[in-house]
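The sequence and structure are shown below.

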Amino acid sequence: MENPSIALDKATAGQWLRIKTLPDGQLHPQFVRLGLHEGQRVRCLERLPGGTVVLQKNRQQVAIGHSLAKSIVVAVLPEEPS
């Protein structure tokens, strides 16, 4: 069974996610520089007021604004990846 897909702005704190799609265009190279790419496993660390989502990848934290988070599709993973 495939993991459910949601927009990143719908993720809740503590969920493990796999990035399915990132927006194309000028921001795509910036995601690559941050080490975020399709297939990457990340954790939704926190949801801030205003809709900002804080992702954790290894020891790095990346804050993504609400409008950008709406354009990122992720799959919810059932538990912490090994």
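Which residue in S4 is the bridge partner of glutamate 46? The partner is valine 54. The model in which this pair is found is a predicted one.

**Strand pairing**

The chain contains two helices and six strands, arranged along the sequence in the pattern β-β-α-β-β-β-α-β. Strands S3 and S4 run antiparallel and are joined by four bridges. Together S3 and S4 make a hairpin, with five residues lying between them. Glycine 50, in the turn of this hairpin, has a positive phi of about 90 degrees. S3 also pairs with S2, again in the antiparallel sense, over three bridges. In that pairing, arginine 43 of S3 is the bridge partner of tryptophan 16.

| Strand pair | Sense | Bridges |
|---|---|---|
| S2 and S3 | antiparallel | three bridges |
| S3 and S4 | antiparallel | four bridges |

**Nonpolar core**

The largest nonpolar core comprises 17 residues. Those with the most contacts inside this core are Leu8, Leu17, Ile19, Leu55, Ile64 and Ile72. At least two core residues come from each of the strands S2 (16-21), S3 (41-47), S4 (53-57), S5 (60-64) and S6 (73-77). When neighbours within four places in sequence are left aside, isoleucine 72 is in contact with Ile6, Ala7, Leu8, Ile19, Thr21, Leu22, Pro23, Phe31 and Ile64.

Glycine 25 is located in the loop between S2 and helix H1 (28-33). Is this glycine buried, partly exposed or exposed? Its relative accessible area is 48%, so glycine 25 is classed as partly exposed; the class of exposed residues begins over 50%. Between the C-alpha atoms of glycine 25 and leucine 68 the separation is 12 Å, although 43 residues separate the two along the chain.

**Overall dimensions**

The radius of gyration of the chain is 12 Å, which agrees with the value near 12 Å for a compact globule of 82 residues. The C-alpha trace spans about 35 × 25 × 25 Å along its principal axes. Of the contacts with a separation of 6 or more, 56% link residues 24 or more positions apart. Buried residues account for 33% of the 82 residues. The chain exposes about 5100 Å², and carbon and sulfur atoms supply 50% of that area.

Terms used. Residues are numbered from 1 along each chain as its sequence is written. This is a predicted model: local features need pLDDT of at least 70, side-chain atom pairs count only at pLDDT 80 or more; totals for chains, interfaces and linings use all residues. Side-chain values use heavy atoms; hydrogens and water are left out. A nonpolar core is a set of buried Ala, Val, Leu, Ile, Met, Phe, Trp, Tyr and Cys residues joined through side-chain atoms within 4.5 Å. Buried means under 20% relative accessible area, exposed over 50%, partly exposed in between (1.4 Å probe, protein chains only). Contact means heavy atoms within 4.5 Å. Two strands pair if DSSP finds at least two bridges between them. The radius of gyration is taken over C-alpha atoms; the globule rule is 2.2 Å times the number of residues to the power 0.38. Accessible areas come from the Shrake-Rupley method with a 1.4 Å probe; for residues, only the protein chains shown count as cover.
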